[in-house]
Amino acid sequence: MKLLNPLATALTLTLLLTAVRGEASNYPPDYAVCNVYDTQTTGPFEVIRHTTKLPGRYATLTVAYRGYLRGRYPDNQISIFVKLNGQYAVLPALSGTNNDAYIFLNAGPRACFMCTNYTNAPGCSESNYGQWVCSWPSATESHVFLYGWNELYQQNVWDIEVAATANGEWDSNYGNNFYAQLPARSSCW
């Protein structure tokens, strides 16, 4: 009978224990497993989808506007119309750091923290110690993202229409809206 090399045995055990520890990690639900960006420019808009985990509803949508309404009105008076696969909303824009006005929508959990014996935060109680507590999409975000994924939580193609409005004026491609299409994704790779 041949004995195993002690160094090889130790290395094998170390690799096995490391693999088990990796699978048992307790990452928060909003932990980014991947970072895939799909970006498209349409007229004065830049449409950006950031996917952080698949399958699942883990993506954000940023619509940045750099059109002529910004020369006529402050960013806080501009609203952006966004329509994703038939679901739409008109949202007030924020001032961006890239010479733009923008909106940001998040389809998944965010600001997750674990309730521990030392956590005295809203949402934590004795019954949920050791559990993750997260903020979830607003009703508007849930509405806009409704058809963003299929029943297996894989991303559908995102057909997006955008326009901007301020004080009754529209930058909307003469009423046709600006259009972008982002590809379907079934994995982060």
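Mentor: Gladly! This is a predicted model. In it, aspartate 38 pairs with arginine 49, their closest N and O atoms lying 2.7 Å apart.

Trainee: Why is the contact of aspartate 38 and arginine 49 called a salt bridge?

Mentor: The cut-off is 4 Å between a side-chain nitrogen of Lys or Arg and a carboxyl oxygen of Asp or Glu. At 2.7 Å, the pair of aspartate 38 and arginine 49 qualifies. The two belong to distant parts of the chain, with aspartate 38 in strand β1 (residues 36–42) and arginine 49 in strand β2 (residues 45–53).

Trainee: How do you know whether aspartate 38 is buried or exposed?

Mentor: Buried means under 20% relative accessible area. Aspartate 38 has 7%, so the residue is buried. Arginine 49, at 0%, is buried too.

Trainee: Which residues make up a network with aspartate 38?

Mentor: Asp38, Arg49 and Arg185 are linked by salt bridges. The contact of aspartate 38 with arginine 185 has an N to O distance of 2.8 Å, and these two residues are 147 residues apart.

Trainee: What makes cysteine 112 and cysteine 134 a disulfide?

Mentor: Their sulfur atoms are 2.1 Å apart, and the limit is 2.5 Å. The torsion about the S-S bond is about 110°, so this disulfide is right-handed. Because cysteine 112 lies in strand β8 and cysteine 134 in strand β9, the pair ties together parts 22 residues apart in sequence.

Trainee: And what is the handedness of the link between cysteine 115 and cysteine 124?

Mentor: That link is left-handed, with -85° about the S-S bond.

Definitions and conventions
Residues are numbered from 1 along each chain as its sequence is written. This is a predicted model: local features need pLDDT of at least 70, side-chain atom pairs count only at pLDDT 80 or more; totals for chains, interfaces and linings use all residues. Side-chain values use heavy atoms; hydrogens and water are left out. Helices (H or I, at least four residues) and strands (E, at least two) are DSSP runs, numbered from the N terminus. Buried means under 20% relative accessible area, exposed over 50%, partly exposed in between (1.4 Å probe, protein chains only).
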